[in-house]
Structure formats: structure tokens, C-alpha cells
Amino acid sequence: MAVADWPRPSANAATGDRHAPARHAGRRQGETRMTERVVMIGGTSGIGLAVAQGQLAAGREVVVTGRDAAKLAAVVERLGAGASGEAVDARDEEAMHAFFAGLGAVDHVVVTVTGHSAAGAFRDLTADALRSAGEGKLIAQTIAAQAALKVLRADGSLTFVTAGSAGAARPGTAGLAAVNAAVEAMVPVLAVELAPARVNAVSPGIIDTPWWDWMDAETRQQTFENYARATPVGRVGRAEDVAEAIGYLIGAGFVSGVVLGVDGGSRHRPTAL
Ligand SMILES: NC(=O)c1ccc[n+]([C@@H]2O[C@H](COP(=O)([O-])OP(=O)(O)OC[C@H]3O[C@@H](n4cnc5c(N)ncnc54)[C@H](OP(=O)(O)O)[C@@H]3O)[C@@H](O)[C@H]2O)c1
């Protein structure tokens, strides 16, 4: 058959739009779902919340999680129709497995959870701080992904959120770099091991979210200004910038094993010859 005779790709049967979320019946016996469902592990603020908003706008159902039950309830109410949530700590293996088992079939999972403890000069980095950072990100993201696999659609997607520190060689970020690089290293392996599920990550630069609340306002402003000056696009990121990239990875059925930098080009600074 000549290329010209190949059949045309079919549009989404329900909407005629090839980029719209596929509509399908859920996998659980007796359950029929017509809308794709996205689970945000860490979805009550910052990047996760922006993803939830973007995915609702794209016509998907979202389930958000976080540890703070009151914050979660307020966010679910604010997100409105199509959103639900549960307060669960991603570091708690038993709780994460119970959460996903109770959910039933899901199509896409995005894992954003993290801690802050490994920031700061390497000389002052304590083993406890590094352990806690690993627990908050590498271990928590791994637990969440493993628990999700039991209910994730066979060809669904799993997206981790790492950080540009993994490859930035920025003094004061060795601990953060190590933890985030560990998650990034798993991505290509899992893309092969868990196929046909797609596994990707986004690796954000500095994004203006509540993640920075631990830092005093003046230092944060200085940090943001320094980053904006040193970054090709000339600003820090917004949660929506990262949500847009995650939305792309959720819908991009031929993309797997990718760590997508969402950092305004900060990995590519000008160098003098
Ligand atoms: N903001 C940045 O500049 C930046 C840069 C690079 C990478 N990142 C990465 O982007 C991801 C998202 O960060 P963000 O800026 O959106 O932070 P954020 O605004 O602090 O949001 C973090 C979300 O995760 C939840 N969470 C944290 N730990 C959790 C746990 N153990 N179990 C369940 N939920 C948990 C939080 O809710 P609760 O507190 O209620 O649990 C919240 O919903 C993180 O992995 C971070 O490392 C951020």
C-alpha cells in the first residue's frame, strides 16, 4: 500500500476532535465512565492545583489530594463540578494503596509531592535533612506511582514533577539536585518497564507558588529577580506554565520517557568564548 493510500487517522468518535480526551468506558465491573479521570497527588496548591484547573477545563474529571483536609475541602469546593478529593499523605504506603483501591479506574496520574528540607549549602546539609527530602519526594512519588499502577489504565499516563535543580549546578542546591535527579533517572526506565503506560516528568525552574512560603519575603524576591535576570525568557514561571506542559504530556499519546524542562530556558545560559 502506498503512503497516499493509508487510511486517515480517525477523529475522536464522540467530539470529532483528535486532541480531545478519548471517551471510554471504565475498567471496573459494573462501572461505566465516559470521561477521562486525572488524579493529582499533591493538587491543592501551586502546580498541582493549576493542573487540576486546566484538566477540568479540558473536560476531564479530576481527583486532588493533599495532607491538609481543610485546605483540600476548600479547593474541591472551589474547583466545582467534576472535581473530588481526599486528604492522604503520599509518604504513607498503606494509605496510598487504600486511596487508589477505593478510587477505581483512572486514566492519568500526576505526582507533584515534595518537601523543602534539602535546600542550602552542602557543608550544612545534614543526613536528617537529606533523608527527609528523599522521603518527601523520591519515596513519596515512588509510593504514589506504585499504588496508582493497580488502577491506572494500561495505556494511561504517569507524570512526575521533578525540578531544574537536578541539572543546574547551582550552589546551595546539591541536596535538592540529588533527590530530583533520582526521580528523573527513573523516568526512561519506567517508560520501558511499565509500557504501554506512558511515563514522563516535567522539570520546572523557579515557579511562583506557595512552595516558597518557607523563605522570607525579601530573600524570595531577590531569588526570583536573580533567576529572571539569568533566564532567557526574563521571568520566573507561573504554575499555569507547568500545568500547560503537564497537560501536553497527558494528551501526547506518542511521548514517553521524556523529562521536559519548563524553566524559561534557564539551562541554556550564555557562555563567554
Ligand atoms: N515552585 C517551584 O519553584 C518549583 C521548582 C521546581 C520544582 N518544583 C516542584 O514542583 C512540585 C510542586 O510544587 P509546588 O510549587 O506546586 O508546591 P506547593 O504549592 O507547595 O504544592 C504542593 C502540593 O503537594 C501537596 N503535598 C505535599 N506533600 C505531600 C504529601 N506528602 N502527601 C500529599 N500531598 C502532599 C501539598 O498539599 P499539603 O501541604 O496539604 O499536603 C500541595 O497540594 C514539587 O515537586 C516541587 O519540588 C517546584
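Reply: Begin with helix α3 (residues 93–103), whose buried residues are M96, F99 and F100. A residue is buried if 20 or more other C-beta atoms lie within 10 Å of its own, exposed if 12 or fewer, and partly exposed in between, with C-beta atoms placed from the backbone. Helices (H or I, at least four residues) and strands (E, at least two) are DSSP runs, numbered from the N terminus. Seen down the axis of α3, the buried residues fall within an arc of 90°, so they line one face of the helix. That arc is taken over the directions from the helix axis to the C-beta atoms.

Me: Which residues are exposed on the other side of α3?

Reply: E94, A101 and G102 are exposed there. The buried residues of α3 pack against β3 (83–87) and α4. Just after the helix, G104 takes a positive phi of about 85°.

Me: How are the residues numbered, and what kind of model is this?

Reply: Numbering starts from 1 along each chain as its sequence is written. The model is predicted: local features need pLDDT of at least 70, side-chain atom pairs count only at pLDDT 80 or more, and totals for chains, interfaces and linings use all residues.

Me: What is the mean pLDDT of the protein chain?

Reply: pLDDT is the predictor's confidence in each residue, from 0 to 100. Here the mean is 89, and 86% of the residues in the protein chain reach 70 or more. Over residues 8–30 the pLDDT is below 50, and this stretch has 30 contacts in the model beyond near neighbours in sequence. Two residues are in contact if their C-beta atoms, placed from the backbone, lie within 7 Å. Where pLDDT is low, the predicted coordinates should not be read in detail.

Me: How many helices and strands are there in the protein chain?

Reply: There are seven helices and seven strands. Along the sequence they follow the pattern β-α-β-α-β-α-β-α-β-α-β-α-α-β.

Me: Which residues have the most contacts inside the largest nonpolar core?

Reply: A nonpolar core is a set of buried Ala, Val, Leu, Ile, Met, Phe, Trp, Tyr and Cys residues joined through C-beta atoms within 7 Å. The largest one here has 64 residues, and M40, A144, A148 and V242 have the most contacts inside it. Helix α4 gives the most to this core, with eight residues. V242 touches several residues beyond four places away in sequence, among them I47, V202 and V262.

Me: Where does I143 lie, and what does it touch?

Reply: I143 lies in helix α4 (residues 127–149). I143 counts as buried because 23 other C-beta atoms are within 10 Å. Beyond four places in sequence, I143 touches A90, R91, E93 and M96. I143 and R91 are 52 residues apart in sequence, yet their C-alpha atoms are 6.9 Å apart in space.

Me: How many residues surround the ligand?

Reply: A residue is near a molecule if its C-beta atom, placed from the backbone, lies within 6 Å of it; the same cut-off is used for a strand. In this model 28 residues surround the ligand, and the closest are G42, G46, G66, R67 and T114. The elements giving two or more residues to this shell are α1 (46–57) and β2 (61–66). Helix α1 gives the most, with three residues.
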